[in-house]
Amino acid sequence: MGLLSSGPLATQLQQQASLVKQQHLAELFEQDPQRFNTMHLRLPALLLDFSKQRMTVEAWQGLYRLCDESALAPWIAKLFQGEAVNTSEKRPALHMALRSFDQPFVVNGQDLQPLVEAQLAKMETLVERIHQRQWRGFSGRAITDVVNLGVGGSDLGPMMACHALEEFRVSQAKSLRIHFASSMDGSQLAELLQRLHPETTLFILASKSFTTIDTLSNADTALRWLGQACQDEALLKRQHFIGCSAAPAKMSQWGISKDHQLEFWDWVGGRYSLWSVIGMSIALVVGMSGFRQFLKGAQWLDQHFARAPWAENAPVRMALVDVWNTNFLASQTHAILPYDGRLKYLPAYLSQLEMESNGKRADRQGQEVDYPTCPILWGEVGTNAQHAFFQLLHQGTHQVNCDFVMPVQRYQHSHWSEQTRERLQYQQRLNLANCLAQSRVLMLGNQALGNQQQVDADRHYPGNQPSTTLLIEALTPYTLGQLIALYEHKVYTSAVLWNINPFDQWGVELGKQIAKETLAAIEGQGSGFDPSTEGLLAAVRAYQETQA
Ligand code: F6P
């Protein structure tokens, strides 16, 4: 039994929710035309509008009490003080220290800043060498292509950020191409290897543990591919691989030379590691000063999260919206809708951040929770999604909480001809209009047209679908840093309110273990599986034989 399922506060919040359920969002606005004014938050360069959430002032008050009764303030303090908030693995989660590169971050009397800065400095040296075309492959030719081999947090974050910040590419990186390959089946890598040249390709092995089979098998394939052009394996490992990991001994064992090893630490969770040397590919695109701006934006958000009272605290308010929808309005899905093609990978990135963190059913005391936790998170670039799954949002049977994420200023650059720039700016106005129109129609349904005429059921838009709009003044390394840290701290806050540990991921381990014995069976050794798996194995073997 937890605070969310029993006790006076849960009863009070359930009563608030039953009142809200009887009302349409349109009515909430009629009763309180000031809703936008009272329910939006402004941070430098960011605006969060919660007024389209099915919330009342009383519900917010009850939820602030929930923060107090859940001991959120002490939990935030524990996070920043480096206590073992990852209780199952008995370690702290100190990704905030990575953003504190320019000021002390003291934990148990030790300042982590010099450690962080030393790795950034080493990363800077490698970035410079690549940018200056001084990093040469085995034949002496300069590197033109860099491939990040990683998966999960060692792939999704850097890929999302590199894509988002392409416009901020530094001139030294103009002709450098950055690629990502993660899939265990080798398909992404195989496709790349057909286009790349061994003499001029450098691989970043990005793996916190340096044991992940997906990444290590891609690395071995890359090494063999290079080996077709040069037989000196030691030279290849030296000139064609950089390692980014929290396991330096394993990097050495693999053959990565010490001066090409970038390190981070156990106290950085994999899905929080893009701020560390795992962000090497980001730094290659935006340069070290762009990367530091990215860290700086997140640092601003850290300080905001640590200090702002609940009503002004953006990540806390976002978490309260999640808990309200999930636990009191019985909504189990959350759509992330960036209205900007540059944020194409944001939903995939957030799906790991949120679901790997909070997709849990055991509470911190080891009991099974009796309330729902993390909703299912999914999404797509907003305007593309309008032509795909928005039908379900508008007329389906599910209540879906939506985040509309929209950078406003675009296409200011003078490198466009005036005619093209005007046209692109028009496209951005079209995009902005669609974002605002969609959240409005989701809220009001047919009433958005202003008349209350009856329409046929198949043309009926019920509305009442909740959403939060996050406006970003302009997408830059700094504001992207703010945005990502905003979601990270929201995830932590939700975990505190759900009384779960967001920093472990035991749920991914069993599958890895079982895959090992299944591989043996595919390779001809081992049986005794369940009848379905046995049947599938027999079919796989038969197909393999036909192929042979
Ligand atoms: O299997 C899950 C996971 O451990 C994620 O948490 C992590 O981001 C990913 O695998 C990759 O792990 P690593 O960086 O250790 O290769």
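How do the residues of the lining of the second largest cavity divide into nonpolar, polar and charged? I found 3 nonpolar, 2 polar and 3 charged residues there, where Ala, Val, Leu, Ile, Met, Phe, Trp, Tyr, Cys and Pro count as nonpolar, Asp, Glu, Lys and Arg as charged, and the others, Gly among them, as polar.

**Entry 1: ground rules.** I am working from a predicted model, in which local features need pLDDT of at least 70 and side-chain atom pairs count only at pLDDT 80 or more, while totals for chains, interfaces and linings use all residues. Residues are numbered from 1 along each chain as its sequence is written, and side-chain values use heavy atoms, with hydrogens and water left out.

**Entry 2: cavities.** I searched the whole structure and found 3 cavities of 30 Å³ or more. On a 1 Å grid over the protein atoms alone, a cavity is a set of points where a 1.4 Å probe fits but cannot get out, whereas a pocket is an open set with protein on both sides within 12 Å along at least five of seven lines; lining residues have an atom within 4 Å of a point. Grid points are joined across faces, edges and corners, and a volume is the space filled by probe spheres set on the points.

The second largest cavity holds about 40 Å³ of space, and I listed its lining as F50, M318, V321, D322, H334, D403, T468 and K490. Helix α14 (residues 314-328) provides the largest share of that lining, 3 residues; helices (H or I, at least four residues) and strands (E, at least two) are DSSP runs, numbered from the N terminus.

For the largest cavity I noted a volume of about 60 Å³ and a lining made up of L98, V116, Q119, L120, E263, F264, W265, W275, S276 and V277. Here the largest share, 3 residues, comes from helix α7 (residues 113-131), and the classes are 7 nonpolar, 2 polar and 1 charged.

**Entry 3: the largest pocket.** Its volume is about 1,200 Å³, and of the 40 residues that line it, S209, T212, V508, E509 and K512 are the closest to its centre. The elements giving two or more residues to this lining are α10 (213-227), α15 (346-358) and α20, and α20 gives the most, with 7 residues. By class I recorded 15 nonpolar, 15 polar and 10 charged residues in the lining of the largest pocket.

**Entry 4: salt bridges.** I counted 24 salt bridges, each being a side-chain nitrogen of Lys or Arg within 4 Å of a carboxyl oxygen of Asp or Glu. R271 pairs with E356, with the closest N and O atoms 2.9 Å apart. Since R271 lies in the loop between β9 (261-263) and α13 (280-307) and E356 in helix α15, the pair ties together parts that are 85 residues apart in sequence. R271 counts as buried at 3% relative accessibility, and E356 is partly exposed at 23%; buried means under 20% relative accessible area, exposed over 50%, and partly exposed in between (1.4 Å probe, protein chains only).

E233 and K237 form another salt bridge, their closest N and O atoms being 3.3 Å apart, and both lie in helix α11 (residues 233-240), 4 residues apart, about one turn of the helix. E233 is partly exposed at 43%, whereas K237 counts as buried at 16%. I also noted that E167, D340, R342 and R410 are linked in a network of salt bridges.

**Entry 5: aromatic rings.** What else does the charged end of K237 sit over? I found it over the ring of W254, 4.8 Å from the ring centre, a charge sitting over a ring if NZ of Lys or CZ of Arg is within 6 Å of the ring centre and within 35 degrees of the ring normal. R317 likewise lies over the face of W60, at 4.1 Å from the ring centre. W254 also belongs to one aromatic cluster with F203, W225 and F241.

I counted 15 aromatic pairs: rings of Phe, Tyr and Trp (its six-membered ring) pair if their centres lie within 6.5 Å, and planes under 30 degrees apart count as stacked, over 60 as edge-to-face and the rest as tilted. Y492 is in helix α19 (residues 477-498) and F503 in the loop between α19 and α20 (509-522), 11 residues apart, and both Y492 and F503 are buried.
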